[in-house]
Amino acid sequence: MDEQYDPQAIEQAAQEHWLTHNSFAVQMDDTREKFYCLSMFPYPSGKLHMGHVRNYTIGDAISRYQRMQGRNVLQPMGWDAFGLPAENAAIKHNVPPAKWTAENIVEMRAQLRQLGFAYDWDREIATCDPDYYRWEQWFFTRLFDKGLAYKKQAEVNWCETDQTVLANEQVIDGLCWRCDNPVERREIDQWFFKITDYAEELLADLDKLEHWPERVRTMQRNWIGRSEGVELDFDFNGTPLTVYTTRPDTLMGATYLAVAVQHPVAKQAAADNPALATFIEEQSRVKVAEADMATMEKLGMDTGLRAVHPLSGESVPIWVANFVLMSYGSGAVMSVPGHDERDHAFACKYGLPIVQVVDKAGDDYTYDATTWHDWYADKEGTTSINSGEFDGRDFQGTFDAIADRLEALGRGTRKVNFRLRDWGVSRQRYWGAPIPIINCEECGSVTVPEEDLPVVLPTEVEFEGVGSPLKQMPEFYVTQCPNCGGAAERETDTFDTFMESSWYYARYGCANNHSAMLDAEADYWAPVDQYIGGIEHAILHLLYSRFYHKLLRDEGLVSSDEPFTRLLTQGMVLKDGAKMSKSKGNTVDPQSLIDRFGADTVRLFSMFAAPPDQSLEWSDEAVQGANRFLKRLWKMAAAHCAGEAPAALDAASLDDRQRDVRRKTHETIAKVSDDYGRRQTFNTAIAAVMELCNEVGKLDESDQDRAVRAEALHAIVLMLSPIVPHICHALWQALGETDDILNVPWPGVDESALTRDSIEMAVQVNGKLRARMDVPADAAREAVEELALQQDNVRKFIADATVRKVIVVPGKLVNIVAK
């Protein structure tokens, strides 16, 4: 064994061994418990960043540990290959997105192999591969036939100059990021999935996900947003103007209605009101995401139209307001400025009436209509006032009474609503999976027959960013209707990239089955036992995947209800206190670190610097420290291997020092097992192994010293192998073992080694530490008390005092209370 640690040679040898033996390929095996570990797959941008390294090292450590537990472990890898970045790169580099993406995959795959991740590369997928997206096209046709996929008009950001739809982040101050021309809001046909049909189940099944962070479950609950309220009608010229409210108890305080700028009432009013038409046009060019509602300036204009209050019969003005979204509910809201902060601010700005209809007893609850106080929106402990016959009731009493009255009059009904809206799955972009629809003037939207799938995306295109190339390719879109045989056109929209990432985890289970979307093997692996990814995916990706899994279940393709059993959301990698990013100029290239220190050093640093769910602060010194530890471990093993073969361990003949080191070995195994398996705190596991190494370094060269050291080194190598697999592969062989370390079980704890003849206990006087003492492990309480009172430093502090009480905490401390 070489005395010097040579990471490049060691890592190359280990990786060649794994490649030659196809070490990480797995198959179904009903004789063993399966374990499916998955890290969120990357976008093939060209190079790995430190966030990738951390994410994938966490997943690899878990996978390797579970394999050592005897489980049948699947850990695959693939590429989330469609999307906007490839289009932007195509414009910048004048290269087709497909070519750019394929080249990046080759480079990133090589980097992943260099890091030694235990992936079953036989199952590799790329979402831009027709063999992959043909199955989501097929599944879309099934959902279309069930009525779960449908088309309707929806708003988008439209750049007239570039003839393209823009993502929200591509609209900068109302202008196109690329051409600096104005962006307008335009309604176009879009495809949707009825995720709202599954809202109740998506919400209820969150309770099953007990191994998910509560933070993520709360975010999903809020996004789904279940509420109980009343849908009611204000009369508008003989037709109902419908709104939904969770606070029918405040109905008598509704002093105006607000409608979205796209609402039919707004358009009607603008027909003969030039000022209103101008306001609507201006607001139509402004992108309004729901997340921006709370902070944006609230603007509006009176339409001059009036509606009739459903209970009081009073005339209520109708305003157009920018804080109402047409895509949410009916596009109209009843406004109660007396008890809603947004409505109050709007009413104060435009001089609209503010009426108090809810009161709260106590000196702290004085109502002033000119100033907002948070208690105005309270429900608990309130009483209705200024509400006629409904006065004097509490919240629930007023809620029920008004709901009953509206239902009796045929002007409202109780309703459960969800904040969740149907998932828009179409994009007016080129680099995505084509939607398998043929548009026929006679037959409407017709699905592409199964035998004609996949609808392949043309890849040899000139992409300039002005519109989608598909719209300029009659050879792609000109076709015949499968129903009537008449002239027709293919859909030129492509799928939202969330489509591909919502079911990829299942496809890994049968990636090489070319005759079915999923099969029995895919169902064997599902659900994923451990999923790892960033908190930024807490809502959309994870929610869409949960929904998609239920669709797959209802199609009979999987038998489980949820896709991911346990979720770990890893923290960000920071440098200089900020998230690493090119724009901040604070990135660190993992490749340069691998070239300098080796992959194991990079892996060790990323796992040791912080718990996996917390942010990791970059430190050059910490990277070097990780490298120094590996060198020290190598040197310790080399020195041991250079000596004579160790004698057989004779536990009965060990002296106190040897027993202490052996005890430390098995205490460390117990702790590291818990840190890996239950707590997933790999940083504390590494720290414990480092402590053990320090203790092992104190041993001499007697036969039993070498025997104790040999046992400890074997345990250290096994415990570190999930995190630094290359060096452990080499050290295992150096220690004289012939079995592949990948097939060696996790070390067990020898309970007999944990027993102690004596234990150290702290001694306090009046709560302050005054001594430490060794006590026989089986000492009686009275003996412990007597020994504590005899400690020299203790006697000094109790000499002139009376001992009132002696408190013994077994195995830990003695506290003497003296006055």
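**Starting from a sheet**

Strand E5 (residues 149-159) pairs with E6 in the antiparallel sense, over 3 bridges. Strands here are DSSP runs of E, at least two residues long, and helices are runs of H or I of at least four, both numbered from the N terminus. Two strands count as paired if DSSP finds at least two bridges between them. Across this pairing, Cys159 stands opposite Thr164 in E6.

Before going on, a word on the ground rules: this is a predicted model, where local features need pLDDT of at least 70 and side-chain atom pairs count only at pLDDT 80 or more, while totals for chains, interfaces and linings use all residues. Residues are numbered from 1 along each chain as its sequence is written, and side-chain values use heavy atoms, with hydrogens and water left out.

Back to the sheet. It is an open one of 4 strands, in the order E6-E5-E9-E19, with antiparallel pairing. Strands E6 (164-166) and E19 (423-424) stand at the edges with a single partner strand each, so one side of each has no neighbour in the sheet. Helix H5 (residues 130-146) packs on the sheet and touches E5 and strand E9 (183-193). Its direction makes about 85° with that of E9, taking N-to-C directions of lines fitted to C-alpha atoms (for helices, over the stretch in contact) on a scale from 0 to 180 degrees.

Now find helix H7 (residues 214-224). Val216, Arg217, Gln220 and Ile224 are buried there; buried means under 20% relative accessible area, exposed over 50%, and partly exposed in between, with a 1.4 Å probe and protein chains only. Seen down the axis of H7, the directions to the C-beta atoms of its buried residues fall within an arc of 100°, so these residues line one face of the helix. The face turned away from that buried side carries exposed Arg215 and Asn222. Cover for the buried residues comes from elements including helix H6 (199-204), strand E10 (226-236) and helix H16 (540-554). After H7 comes Gly225, with a positive phi near 60°.

Zooming out, the chain has 25 helices and 34 strands, and 53% of its 819 residues are buried.

Terms used
Contact = heavy atoms within 4.5 Å.
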